[in-house]
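Colleague: Could you walk me through this model with me? I would like to hear what stands behind each term you use.

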Amino acid sequence: MAYLKDQRRETMMVEGSWNIGAYRYKGSTQLQEYVDGLKEKKLIGSLCPGCGKVIVQPRNICGRCHRRMDKRMVVSHKGTITCFVISPPIEKGKYKIIGIDPVEAGIIQEGAILVPVFVRFDGADSNINTILLNSSPEQVHIGMRVKAVFVENPEGKLSDLEGVEPLKE
Amino acid sequence: MQRRVAIVGYAQSEYQFDVPRTREDQVFDVVKAALRHAGILREEVDSVVTASSDFLDGRTISNVFLSMAVGAYQKDESKVEEDGTGALLYGLMRILAGTHDVVTVEAHTLASTINPHQILFYALDPLFDRQVGLLNDIAASAIQARMYMKKYSVPEEAVAMVSVKNLANAALNPLTHRKMPDLTVEEVLNSKIYYEPIRELMIPPITDGVCALILASEEKAREITDRPVWIEGVGTCQDHYLRERNLTQLESLQKAAAQAYEMAGIKDPYREIDVFEVSERFAHEELMISEALGLAREGRGQVLIEKGLTGLDGEIPINPSGGALSADPICATGLTRVIEAAKQIREEAENHQILGVTRALAHGQFGICAQKNTVFILGGDR
C-alpha cells in the first residue's frame, strides 16, 4: 500500500509579495521624556490625576479613569522583582534580537542563561520589563530587592538602562 | 425593530492631512468629546465597538493598544475591520440583543501614515488581477466610471459638478479637509489626470480622521437626552468581486437601501427623506449612489446634479457636509456620514444645516468600486 503522501499532487501556486512599504507612525512625547530622564539617570513615569497611579515607562492615557496623564514623576532606582523568567542556555545562531545574533556579536557568551524580569520600582504602580544582572538563576526570586543599573555615560537612549542588580539593604 | 435604539452623542476630529499626534491621543480626545456631548461618563458605557483596518493602522490586532483611549478598559469590546457603519451595525445588534444598553462606536484611519492606495492594491485577486499589476483601486474605479458614463451617456461635466457641489459645501463645514468654495467645472476637468476619466479633484484627499458616537436603548436614550436620533432602518449588502459584477449599477446598495427603507416604512425616499449623507469615494459614485437609493431612474443620476436638486437648497440635498470627496478618513468615512446625518436632525450642522430635517439617510461603503454597502435611516422625535 502506497503512502497517501506519495499520491499527493502539488497545487499550482503563484508567487506573491506583500510589500506595503514603510509606515510613518505618529510619534508622541512620552518616549522622548523617558529617554531624556534616562540621560540624567532618572526613571520617569506618568501620574494619573484621577487614581493617582504612577506608570513607568510613561503613558499618556489612563484607561481606568479615562483621563490624560500629563504629569510626570521621578521614581526610585530601587525596586522589587514581581516576576521573572529563566532562559535556556543561549546558543549561537538560535536567537536574533533586532536582526543581531547576540552571541555572534559578543554581547552574550555562548551558553549563558539570562533572567528577564518584571520590576516594580518604588513609587511606581506598574512593571518595567528588563533584565537581571550580576545575579544567578539560583538567587532570583519574586520579591527580590533590586536597583537600576545604568550605563556609565547615558546618551538618552532606551539602552541607557542596562537592567537591574541585587540590592543589599 | 423590537427595541428602539438612538444616537445620543457624537464627536469628530478635525479632518486634516498628517495630524502630528498619536493615534491614541486623537482617539481619546474624540471619544471623550462624544461622551461629553452625550453628557455621560465612561462608567455608563456597557460595550465598545471600533472600526479600523490592521493594514491602514500598520499593526495587527490594531485594537489592543487602543482599548484605553477608546474607554474600553475592562468592558465588553469588539473591533470590526473596514467601515465604521459596520461597527455601528454591530453596536446596534448588541443593544437589540438586549444584553447592552449603552454602546460607544468609534472609527478612525490616519491615512497619512501610509499611502492607502498602496494597501488597496492588495484587495485585488492575487491569482489573476494582481499578477497583471496594472489594476488598483483608482484604475478599477476609472473602469467603472467609463462603463457607467458610456452606457448612460453621462457627460464628464455632470461628474465634475459633483466635485464642485461637494467641495463648495465643504467650505461651510469647519471639520472637513478639502474646501473649495469657488471651484468650477472647468477647474475639475483641468485638474491632474489619474486614470482617465478620473481626475485629482474627483477623488478625496488623503485624510487623518477619527469619529465616535454613543448609542443607547430607548429607555437609556430618554434618560440621557431630550433629542435622541433614532435608528429607524438599516440595510447592508455585499456584492460580487470586481470582475463578475455589473459595474454600471450598485446592486448591493440597491438591496441595502431596500432593506433599510422597508424597516423604516419608507415607500418614496425622494419625498420621505430630507437629507442624504453618502460615501462617494469618487465623484461619479455619487450619481450611481443616488440611483441605487431610488432617487433617480437607472442612468439618470446626472439629472439630479444638473438640475441642482442635490445642492444645499435642492429638494434632496446630498452631502451638505462635503461628503467623502472633501475628507476620506477611510474607516471613519461612513460613520462620519451617520454623524453628519444625526447633526442635521438635531439641527447642529450650523452653516451646512438643511432646514426642517426630520429624517436622514447615511451610507457607508467599503471595497473596490463600492463592493459592500450599508445604509442607515435616522429620524428625530416627531
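Colleague: Which residue takes a positive phi just after α12(B)?

Modeller: That is B:G294, with a phi of about 85 degrees. A word on the source: this is a predicted model, where local features need pLDDT of at least 70 and side-chain atom pairs count only at pLDDT 80 or more, while totals for chains, interfaces and linings use all residues. Residues are numbered from 1 along each chain as its sequence is written, and chains are lettered from A and ligands numbered from 1 in the order in which they are written.

Colleague: What makes helix α12 of chain B largely enclosed by the rest of the structure?

Modeller: A residue is buried if 20 or more other C-beta atoms, placed from the backbone, lie within 10 Å of its own, exposed if 12 or fewer, and partly exposed in between. In α12 (residues 283–292), 10 of the 10 residues are buried, so the helix is largely enclosed. Among them are B:H284, B:E285 and B:E291. The cover includes α6 (137–151), α10 (251–264) and β10 (359–366) of chain B, where contact is C-beta atoms, placed from the backbone, within 7 Å. Helices (H or I, at least four residues) and strands (E, at least two) are DSSP runs, numbered from the N terminus.

Colleague: Why is B:E187 called partly exposed?

Modeller: B:E187 has 16 other C-beta atoms within 10 Å, so it is partly exposed. B:E187 is found in helix α8 (residues 185–189) of chain B.

Colleague: Which residues touch the most other members of the largest nonpolar core?

Modeller: Such a core is a set of buried Ala, Val, Leu, Ile, Met, Phe, Trp, Tyr and Cys residues joined through C-beta atoms within 7 Å. This one has 141 residues, and those touching the most other members include B:A34, B:L213 and B:F376. Helix α7 (residues 156–170) of chain B gives the most to this core, with 8 residues. Leaving aside neighbours within four places in sequence, B:L213 is in contact with residues including B:I7, B:A34 and B:L335.

Colleague: What makes β3 and β9 of chain B edge strands?

Modeller: Two strands pair if DSSP finds at least two bridges between them. The open sheet has 9 strands in the order β3-β2-β4-β7-β1-β8-β11-β10-β9 (chain B), with mixed pairing. Each of β3 (76–81) and β9 (275–277) has a single partner strand, so one side of each is left without a neighbour in the sheet. Strand β2 (residues 47–52) of chain B pairs with β3(B) in the parallel sense over 6 bridges, and B:T50 has B:K79 as its bridge partner in β3(B).

Colleague: At what angle do α3 and α15 of chain B cross?

Modeller: Axes are lines fitted to C-alpha atoms, for helices over the stretch in contact, and angles run from 0 to 180 degrees between N-to-C directions. The axes of α3 (residues 84–96) and α15 of chain B cross at roughly 65 degrees and come within 5 Å. In this contact, B:G84, B:T85, B:A87 and B:L88 meet B:G334, B:L335 and B:V338.

Colleague: How does the radius of gyration of chain A stand against that of a compact globule?

Modeller: The radius is taken over C-alpha atoms, and the globule rule is 2.2 Å times the number of residues to the power 0.38. For 169 residues a compact globule would have a value near 15 Å, but chain A has 22 Å. Of the residues of chain A, 18% count as buried.

Definitions and conventions
Two residues are in contact if their C-beta atoms, placed from the backbone, lie within 7 Å.
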